[in-house]
Amino acid sequence: MAFHVLISDPLSEEGIQPLREAENIEVTVDTDLSAETLADKIGGYDALLVRSQTQVTREIIKKADNLKIIGRAGVGVDNIDLEAATEHGVVVVNAPDGNTNSAAEHTIAMLMSLARNIPQAYYALKHKQWERKKYVGVELKNKTLGIVGLGRIGAEVAARAKGQRMNIMAYDPFLTEEKADKMGIGYGTLPEVLQAADFITVHTPLLKETRHLINREAFQKMKTGVQIINCARGGIIDEEALYEAICEGKVAGAALDVFEEEPATDHKLLELPQVIATPHLGASTVEAQENVAIDVSHDVVQFLNGGLAKNPVNLPSVPKEIMNKIAPYFELSEKLGVFLTDLTEEVTEEVHIYYSGDLTEVEVAPLTRNTVKGLLKRHLGDHVNDVNATYFAERKGIAVNEHKTSSTKGFTNLLTVEVKTKSGTRQVSGTLLNGLGARIVKVDNYSVDVIPQGHMVVIHHKDQPGAIGRVGSLLAEQDINIATMQVGRSNVGGDAIMMLTIDKHLEKEGLNQLTGLADIHDVTAIDL
C-alpha cells in the first residue's frame with residue numbers, strides 16, 4: 001500500500017529526500033495552491049507538508065478524509081488549526097531543532113559585528129570614507145556575556161561565546177547553579193545578569209511574562225556602555241526604552257534581528273548609528289531550511305509506517321471511552337500546574353502527581369502531560385503542549401512521577417500535584433464536586449475551598465487579629481474588590497494562609513504594599 005504525501009509549500013529537494021527514498025510513499029509537490037484548490041485536492045492524501053505559506057484551516061481539514069499527519073517544516077504552527085486537526089485525529093508535527101545552529105551562529109555574528117562596528121565601518125568605506133579612529137571597537141575576551149534564556153539556542157550561544165574566551169553568566173527559570181556549573185558558566189538571577197554583563201543577548205520565547213522583559217527598569221540595572229543583542233523575538237525588548245537608553249548613553253549599541261512589528265524598514269532605531277540590524281535572518285541558512293524539512297520528513301515517514309513521531313504538537317488519539325472519563329479533569333489538571341508554578345519561585349527539580357479515588361481506575365497519562373504543561377507554560381508558552389510537555393520537562397532536568405493511591409482524604413476523586421525544589425516541597429490538591437465543578441481543596445498543609453479561576457492572591461501570614469482587615473483595607477484603597485476569601489491555619493497564633501479571588505490583576509506595586517503589612521510573610525498573585 002502506497003501513502004500519498006502532498007507538499008504545498010516550497011521545501012528544499014534535499015530536505016524531502018527521506019520521503020522520496022521511502023518505497024511506500026508517493027510525493028506530490030504542488031505549491032501556490034488557493035485554499036479552494038487545496039480543499040478539493042486534500043481528500044486523496046495521507047500526509048500534508050507545509051511551511052508558513054499554506055493556511056491549513058478547519059475547512060480544509062474537514063475535507064481531508066484520508067489525512068493522518070500534517071508536517072510543519074519549522075517551529076511555529078500558527079498556520080495550522082490544531083484544534084480541528086486533533087478533533088479529526090490528525091497528528092501535527094514540527095521541527096523545533098532544525099534552526100538551532102543557524103540562530104546561534106547569527107547571534108554570534110551579530111555580537112562580533114556589534115563589538116567591532118563592522119557594518120558601520122563597511123558603510124563608511126562604501127561611501128569613500130576611511131575612518132579608522134571613528135570605529136575603534138572592543139574585544140570580547142574577558143568580557144561578560146549575559147544570556148537571558150538558556151534553551152537550545154541560548155546554550156549553543158554560550159558554547160560559542162566560551163570559544164571567544166568570554167565569561168558567561170546566564171539566567172533561565174529552569175537553570176540551577178548545579179546545571180550552570182556542569183556547563184561551565186555562571187548562574188545568576190535576572191537582575192544579577194543584567195548588572196554584571198558587558199553584552200546581553202536574549203533567547204526566551206515571547207510570552208505575557210517576557211513581553212518587554214528588557215524595559216526601562218531593566219536598563220537602569222545595567223552597566224553604562226552595555227551592548228544588547230536580540231535574535232529571538234520582537235517584543236522581548238521594549239524598543240522605545242531601548243531607543244531612549246541609547247540616546248542617553250546608557251546603552252552603547254544594539255544588534256537586532258527581530259522587531260515588534262515587521263517589516264521594520266522605517267523604524268526609528270535604524271536611524272541611530274549605534275544600531276545594527278538584519279531582516280529576521282536567524283533561521284535563514286541553506287542548512288537550516290534543509291534541516292527543518294529533513295526533520296519533518298523523517299517524522300512523516302516514521303509515523304506513516306506505524307512508528308511514533310518525534311515532534312508531535314497536538315494531543316495524540318486516546319480511546320473515546322477513556323477520553324470521556326478523563327475529559328472533565330483536563331482543565332483542573334492544567335490549572336493546578338499553573339497555580340503551583342506561580343506559587344513556586346525556585347527551579348523545579350521533581351514533580352509528583354498523585355491520583356486517587358475514581359481516577360485510579362482510568363488511564364491518566366494524558367492528565368499527567370496536561371498537568372506538566374500547566375507547570376511549564378508560564379516560561380515556555382505555546383511551545384509546550386499536551387504531547388511534548390514531559391519531553392520538555394526531561395530536557396529541563398525535571399523528573400516527572402505518576403502515582404495512584406487509595407487515599408482520597410474524603411473526596412470521590414482527588415488530584416494532587418507536588419513539586420520539589422532545592423529548598424523544599426510545595427503541593428496543591430484539587431477535585432471535582434458533583435454539580436459544583438472544580439475546586440482547589442488543599443494548598444500545602446492548609447485545607448481550603450477555592451474555585452480555580454480568575455485573579456487570585458495567596459497570602460501567607462501570622463494568625464493574628466487584624467491581618468485580614470489590613471489586607472481588605474489596602475485592597476480597597478487600590479479600588480480592588482474581593483470576590484471570595486478563604487483562610488486556613490496550622491494552629492492558633494501560628495502560620496496561616498489567606499486565598500482571595502479579586503476582580504482584577506494585582507500589579508507589582510500592590511503586591512509590594514501587601515507584603516509590607518504587619519504579620520504578612522509573603523504574597524503571590526496568580527491568574528487562572
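Biologist: What relative accessibility does cysteine 247 have, and how does that value classify it?

Modeller: The classes rest on relative accessible area, found with a 1.4 Å probe on protein chains only: under 20% is buried, over 50% is exposed, and what lies in between is partly exposed. Cysteine 247 has 47%, so it counts as partly exposed. Cysteine 231, by contrast, is buried because its value is 10%. Please note that the model is predicted: local features need pLDDT of at least 70, side-chain atom pairs count only at pLDDT 80 or more, and totals for chains, interfaces and linings use all residues. Residues are numbered from 1 along each chain as its sequence is written, and side-chain values use heavy atoms, with hydrogens and water left out.

Biologist: How many disulfides does a search of the whole structure find?

Modeller: A disulfide is a covalent bond between the sulfur atoms of two cysteines. The criterion here is a pair of cysteine sulfur atoms within 2.5 Å, and the search of the whole structure gives 0.

Biologist: Which ring has the charged end of lysine 268 over it?

Modeller: The test requires NZ of Lys or CZ of Arg within 6 Å of the ring centre and within 35 degrees of the ring normal. Here the ring belongs to tyrosine 243, and the charged end of lysine 268 is 4.3 Å from its centre.

Biologist: How is a pocket read, and what lines the second largest pocket?

Modeller: Rolling a probe the size of a water molecule over the atoms shows where empty space is left. On a 1 Å grid over the protein atoms alone, a pocket is an open set of points with protein on both sides within 12 Å along at least five of seven lines, the probe being 1.4 Å, and lining residues have an atom within 4 Å of a point. The second largest pocket has 22 lining residues, and Asn117, Gln120, Tyr135, Pro273 and Gln274 lie nearest its centre. Two or more lining residues come from each of α5 (100-116), α6 (118-126) and β11 (251-256); helices (H or I, at least four residues) and strands (E, at least two) are DSSP runs, numbered from the N terminus. The most comes from α6, with 6 residues.

Biologist: Which backbone values deserve attention?

Modeller: Most residues other than glycine have a negative phi, and most peptide bonds are trans. Asparagine 142 has a positive phi of about 70°; it lies in the loop between α6 and β6 (144-148) and is exposed because its relative accessibility is 53%. Aspartate 519 likewise has a positive phi, of about 75°, and is found in the loop between α18 (508-515) and β22 (520-527). With a relative accessible area of 28%, aspartate 519 is partly exposed. A cis peptide bond, with omega about 0°, joins glutamate 262 and proline 263, and proline 263 is in the loop between β11 and β12 (275-277).
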